Amino acid sequence: MTAAFFFIILLAMSSHQVSNLYQDDIMLIKNRNAAPCTEKGCTWPKNGRFVIIPVQISSSYSRDERFFIRNLLKEFVDRTCIRFVGKDNSHKNYLYIFPGSGCWSFVGMIKGRQPISLNKYGCLYTSVVQHEILHALGFHHEHSRSDRDQYILIKSENIRRGKERNFYKAKTINYNIPYDYNSVMQYRNKAFSKNGQPTIVAKDDPNRVLGSARSMTENEYKRVNIAYQCGK
């Protein structure tokens, strides 16, 4: 079974066990709808050339699990101007990664201790961890892009009742980067299907497999670099 399969299962679990989730893995805060984040801006502040984001990883994870998470954070450090650093007492705004119920994150910086839930049993895959980190950096699901109707069809007739908002569009800034069918933020073709039929179909190729990413694409790193003005 793939990471994408476990991720969808954990999304379903999250929505039942955690209230106030939008699209099943985006935590909402009072007075902020999830959609305007990348439109209006909720990125982490830049200090000179770098974006310093303190991180605390729960001691509830094993040593190997913490090592796995740190290595994935290091990939952002290697390829963007994001600098994840260990949280200390001087840091007021920071990410707190813990093994909660399911896989979920806020979108963008919310200030204070900002939790990211990565359950030990289903969330500790490269693509899933990267997915939730990208949410925390301010990015939405790929199929929620404001221009998604040019690239995909949402088959509403196949969506399970009560799961419709998992397919709402967001008012995103897309930075002139093409729709990324291979994005870690892309749902599977049959995500939340009520009848085994596709809920998302690529317009250019109805047989295109979606939601099978194992890790972030070049376009996703490029998007982070543009959003955070890396290199400037």
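Modeller: Happy to! The structure holds 10 salt bridges, where a salt bridge is a side-chain nitrogen of Lys or Arg within 4 Å of a carboxyl oxygen of Asp or Glu. Before we zoom in, please keep in mind that this is a predicted model, in which local features need pLDDT of at least 70 and side-chain atom pairs count only at pLDDT 80 or more, while totals for chains, interfaces and linings use all residues. Residues are numbered from 1 along each chain as its sequence is written, and side-chain values use heavy atoms, with hydrogens and water left out.

Let's begin with Glu-142 and Arg-223, whose side chains meet in a salt bridge at 2.9 Å, N to O. Because Glu-142 lies in the loop between α4 and β8 (152-154) and Arg-223 in helix α5, this pair ties together parts that are 81 residues apart in sequence. Helices (H or I, at least four residues) and strands (E, at least two) are DSSP runs, numbered from the N terminus. Glu-142 has a relative accessible area of 0%, so it is buried. Arg-223 counts as buried too, because its relative accessibility is 8%. For reference, buried means under 20% relative accessible area, exposed over 50%, and partly exposed in between, using a 1.4 Å probe and protein chains only.

Asp-204 and Arg-208 make another pair, their side chains meeting in a salt bridge at 2.5 Å, N to O. Asp-204 is partly exposed, with a relative accessible area of 48%, and Arg-208 counts as partly exposed at 25%.

Now to the histidines. The UniProt annotation "binding site", from an unreviewed entry, covers His-131, His-135 and His-141. Of these residues, the lining of the second largest cavity includes His-141. UniProt positions are given in the numbering used here, feature names are shortened, and annotations may be inferred rather than shown by experiment. On a 1 Å grid over the protein atoms alone, a cavity is a set of points where a 1.4 Å probe fits but cannot get out, and lining residues have an atom within 4 Å of a point. His-131 lies in helix α4 (residues 126-137), and His-135 lies in helix α4 as well. His-131 is buried because its relative accessible area is 0%, and the value of 0% for His-135 makes it buried too.

On to the covalent links. A search of the whole structure finds two disulfides, a disulfide being a pair of cysteine sulfur atoms within 2.5 Å. In one of them, the sulfur atoms of Cys-81 and Cys-230 are 2.0 Å apart. The torsion about the S-S bond of Cys-81 and Cys-230 is about -65°, so this disulfide is left-handed. Cys-81 sits in the loop between α3 and β4 (82-86) and Cys-230 in the segment after α5 (218-227), so the pair ties together parts that are 149 residues apart in sequence. Cys-81 is buried, with a relative accessible area of 4%.

Cys-103 and Cys-123 form a disulfide with their sulfur atoms 2.0 Å apart. The torsion about the S-S bond of Cys-103 and Cys-123 is about -90°, so the link is left-handed. This pair links distant parts of the chain, with Cys-103 in strand β6 (residues 103-106) and Cys-123 in the loop between β7 (113-118) and α4, 20 residues apart. Cys-103 counts as buried at 0% relative accessibility, and Cys-123 counts as buried at 0%.

Finally, a word on confidence. The chain averages a pLDDT of 88, and 82% of the residues score at least 70; pLDDT is the predictor's confidence in each residue, from 0 to 100. Over residues 4-10 the pLDDT is below 50, and beyond near neighbours in sequence this stretch has 20 contacts in the model. Residues 12-16 also have a pLDDT below 50, with 10 contacts beyond near neighbours in sequence. Contact means heavy atoms within 4.5 Å. Where pLDDT is low, the predicted coordinates should not be read in detail.

How values were computed: On a 1 Å grid over the protein atoms alone, a cavity is a set of points where a 1.4 Å probe fits but cannot get out, and a pocket is an open set with protein on both sides within 12 Å along at least five of seven lines; lining residues have an atom within 4 Å of a point.
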